[in-house]
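Please keep the structure open as you read.

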Amino acid sequence: LTSLFAILQRGGSEENPYVMRAIMRVSVVAEQAMAPYVQVCVDALNTILGRVCANPTNPTFNHYLFETVASLVKYICAATPAAVNAFEQLLFPPFQTVLQMDIAEFTPYVFQVLAQLLEARDGLSDAYSQLFPPLLTPTMWERPGNVPPLVRLLCAYAAKGKALVLDKVQMVLGVFQKLLARGATDQHAARLLSALWRACELAELQQYATPIFNLCIQRAQGYKKVGPSLVSTWSVFLARYGPRALWQQLESIQPGLANMVLRGLWGEWAPFVKGGRAERKAAVIGTVRLVCELPEVLADVDTAAALLSAAASMLAADAGVGDGGGAAA
């Protein structure tokens, strides 16, 4: 590592992407074993960050630079939670420069690393609290590259600072609405809404629940392919608050709507839920619970059959049997 960083100090080699890639690979392969060398690495990386932020010219080099930082945060903070504060002290100054100068090339990386750091914390610091409101401004979400890391960061805020998120929940839901409106981002909308379900009690979101479900159903009527994203987030709602709460929420919008939605939307699109193993598992379990715990579903043969067929299709697909809707990622 010392030799590799020394090469980056030579004239003409300051932004050699091959050297930076080698440093990244060392950090990724070594994982927690990088702990004794993290101070040396971060000091060197900080110097490089300060330079490239002032004049970003080599996208490939910059990519490997930020991926190196992200890997150090991922592995070192997981093994040593106390390292979070040290990373923040070292990284916040260059990150603030990136955000203040609005360097579009770097902002997605900054949001990604900030999300990693916040996920590793026990709660919010003042710096994170001050950063939160600007993250909700519409201009932040206009660049497609910002969306995935920003959603991850907002999810981390929900998990670590529920009170702060509830204070701005209307603005957060505005972000959700914006993401849900586009096919390219509806999966991120579902992830953000799921984070709210996980973090909050139903009573804390009750006044927003009906508008949220109305918005989801209206979107599904105009764009059926949003179905997997809706089933994914509704599965989290069901897991958090129970099948009865989901049923009552749908029926409160319109009597008879619950069976219509469960049969026509959930039953059709549940096999196509994407994401990781956790998302697929939540959808399967939620589908089975709807049948087993709601007499109203069992009483409607078509709805029960649609849900059982969806559950069987998901289980078969995830086991690699037949031609189910989709395998787990």
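This is a predicted model: local features need pLDDT of at least 70, side-chain atom pairs count only at pLDDT 80 or more; totals for chains, interfaces and linings use all residues.

1. Helix α15 itself covers residues 257–269, which is 13 residues. From first C-alpha to last it reaches 17 Å, close to the 18 Å expected at 1.5 Å a residue.

2. Now step back to the whole protein, which has 18 helices and 0 strands. Its C-alpha trace spans about 75 × 45 × 35 Å along the principal axes. Of the contacts with a separation of 6 or more, 70% are between residues 24 or more positions apart.

3. How much of the protein is buried? Buried residues are 48% of the 329 residues. The protein exposes about 15200 Å², and carbon and sulfur atoms supply 55% of that. As for charge, the 26 positive and 25 negative charges have mean positions 3 Å apart.

4. Finally, have a look at Thr68, in helix α4 (residues 59–79). Is Thr68 buried or exposed? Thr68 counts as buried because its relative accessibility is 2%, where the cut-off is under 20%. The side chain of Thr68 reaches the backbone oxygen of Tyr64 at 2.7 Å. Leaving aside neighbours within four places in sequence, Thr68 is in contact with Met20, Ile23, Met24, Ser27 and Leu45.

Technical notes
Residues are numbered from 1 along each chain as its sequence is written. Side-chain values use heavy atoms; hydrogens and water are left out. Helices (H or I, at least four residues) and strands (E, at least two) are DSSP runs, numbered from the N terminus. The expected span of a helix is 1.5 Å times one less than its number of residues. Buried means under 20% relative accessible area, exposed over 50%, partly exposed in between (1.4 Å probe, protein chains only). Contact means heavy atoms within 4.5 Å. Accessible areas come from the Shrake-Rupley method with a 1.4 Å probe; for residues, only the protein chains shown count as cover. Lys and Arg count as positive and Asp and Glu as negative; His and the chain ends are not counted. The place of a charge is taken as NZ of Lys, CZ of Arg, CG of Asp or CD of Glu. A polar contact is a pair of N or O atoms within 3.5 Å; within protein, one must be able to donate a hydrogen and the other to accept it, and residues adjacent in sequence count only if both atoms are side-chain atoms.
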